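Here is a friendly briefing on one protein chain, arranged by topic. Keep the structure open beside you as you read.

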Amino acid sequence: MMMRRPEEECGIFGVFNHPEASNLTYLGLYALQHRGQESCGIVSSDGANLHAHKSMGLVADVFGNQEIFKTLPGRSAIGHVRYSTTGSSVIKNVQPINVDYSRGSIAVAHNGNIVNAQIIKDELEAYGSIFQTTMDTEIIVHLLATSKANSLLDRLTDALNRIQGAYCLLFLTESRMMAARDPNGFRPLCLGRLGSAYVVASESCALDLIDAEFIREIEPGEVIVIDKNGMTSFFPLKKAEPTPCIFEFVYFARPDSRIFGKNVYQVRKEQGRQLAREHKVDADIVIPIPDSGVPAALGYAEESGIPFELGLIRNHYVGRTFIEPQQAIRHFGVKIKLNPVREVLKGKRVVVIDDSIVRGTTSRKIVKMIRNAGASEVHVRISSPPTSYPCYYGIDTPNRKELISSSHSIDEIRRYITADSLGYLSEEGLMSTVGAENAGFCTACFTGGYPVKFPRLLEEPQMGLFEKEIEKK
């Protein structure tokens, strides 16, 4: 079994008016690979027609043959990397979606999750709409096609005013590219320039790879239209208080990205410093769970004065699936990804830094692996509050009954993962690292306070006890 944590959402990238639009989009998707590893695709425009190449797999595999780019001509392109949050992981659900309809051709790439999707889909099907995928993204295409408005911007406004939830969207037609971000601004989306070309990306790290200049973040509730006349900005949606996702800072975004006005690496390092202030411990070394725990571990080590070490080494070349040996190997799923450095750990009191605990099963295996490598004590520190509620805004978190902190105290979790001590960063401490006095964040995964209400059909039944009993030490 592979390590299980909240999965990435999706990543989107687009280029308008560049002779190597498709190739640049490929590079942009490569930089955003961390946001989705199930499938990817690119749709390009040559000014008269749209051209697409999509498949299951990683970006380097799907676009590994240079000949593919000959099938993606034109000066504009949009692309998508996907982890399925809505809709199953099959080839028909690979994005961008591209369709021909009465007003021309259009392609759309979506990061997020539409919480009222099923209600709208039922209504559209009642009036004769036929859906080709199981994704909520296709609903937007149908709303565009059925709108009575004349201009594409007005049709898009009609569609966006019908949907609720989290979305960053990129649209491509024969002659223009459009981008939209939901009024709450749950997911990051930024705008850049490369010469005379405009670039839109989920994270700024994708701009860095192609040497594009970061202009600004696309604002919550903003729609931008880019065509031969340049870029125009509109705010056609009902205003809301921005509630960007705090977990982007904790885990999802790449450390070298700038999102929601801040550098991710610096925020994560400050999370580690704050964690050290809140949960001190006498120990010999601080080690991260690589790679996501590294910045917080550096911050914890600096604040506490305890030396930082790499006590676990990650194998970066593990695929999504592998064949287990017939002879059982204890903790095989974790060990194939992480290997302890015995010479670093032996006889040491170890502080282990990770970003979150989901079900607890992986943390339990890691703690036992560190003990087996000779550590005398293992103290686990988590650079976020307990994750007790599922996300309905584009993160594939387990349902509530599978989240260990939803039904167990911190001490019960500590006993289950067999740690000598366990400390989580407080919600107040986390907020202090992102300057929450100036902006609100969505913390629903910690508090259950969902900023955009969703239909009751999404609500889960009252959870029962966690499936496995807490193991007493």
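**Backbone turns to look for**

The loop between β1 and α1 is where you will find N17. Its phi is near 75 degrees, a positive value in a residue other than glycine. Please keep in mind as you explore that this is a predicted model.

- N17 is partly exposed, with a relative accessible area of 28%.
- D211 is not a glycine either, yet D211 has a positive phi of about 60 degrees.
- You can find D211 in the loop between α6 and β11 (213–217), and D211 is exposed, with a relative accessible area of 64%.
- The peptide bond from Q95 to P96 is cis, with omega near 0 degrees, and P96 sits in the loop between β4 and β5 (97–101).
- Another cis peptide bond joins P290 and D291, where omega is about 0 degrees.
- D291 belongs to the loop between β16 (285–288) and α9 (294–304).

**A mostly covered helix**

- How many of the 11 residues of helix α1 (residues 21–31) are buried? The count is 8, so this helix is mostly covered, taking buried to mean under 20% relative accessible area.
- Among the buried residues of α1 are A21, L24, Y26 and L29.

- In which order do the strands of the open sheet of 4 strands come? Follow β16-β19-β20-β21, with parallel pairing.
- At the edges are β16 and β21 (421–424), each of which pairs on one side only.
- From one strand to the next, the twist averages 20 degrees.
- Helix α9 packs on the sheet, where α9 touches β16, β19 (349–354) and β20. The direction of α9 makes about 165 degrees with that of β16.
- Helix α12 (residues 361–372) lies across β16, β19 and β20, and α12 runs at about 150 degrees to β20.
- For a detail of the pairing, look at strand β20 (residues 377–382), which pairs with β21 in the parallel sense over 4 bridges.
- R381 has G423 in β21 as its bridge partner.

**Four cysteines from a database record**

- Which residues does UniProt list for "binding site"? An unreviewed entry gives C245, C391, C442 and C445.
- These residues are spread over 201 residues of sequence, but they cluster in space, and the largest C-alpha distance is 10.0 Å.
- C245 lies in the loop between β13 (230–234) and α7 (247–252). Is C245 buried or exposed? C245 counts as buried because its relative accessibility is 7%, and the cut-off for buried is under 20%.
- Leaving aside neighbours within four places in sequence, C245 is in contact with F186, R187, F260, F441 and C442.
- C442 is in the loop between α14 (427–433) and α15 (444–447), and C442 is buried too, with a relative accessible area of 8%.
- Not counting residues up to four places away in sequence, C442 touches F186, T243, P244, C245, I246, Y393 and P451.

Methods:
Residues numbered from 1 in each chain as written. Predicted model: local features only at pLDDT ≥ 70, side-chain atom pairs only at ≥ 80, totals over all residues. Heavy atoms only, no water. Buried < 20%, exposed > 50% of the residue type's maximum accessible area, 1.4 Å probe, protein only. Helix = DSSP H or I, 4+ residues; strand = E, 2+ residues; numbered from the N terminus. Pairing = 2+ DSSP bridges. Axes fitted to C-alpha atoms, helices over the stretch in contact; angles between N-to-C directions. Contact = heavy atoms within 4.5 Å. UniProt positions renumbered as here; feature names shortened; annotations may be inferred.
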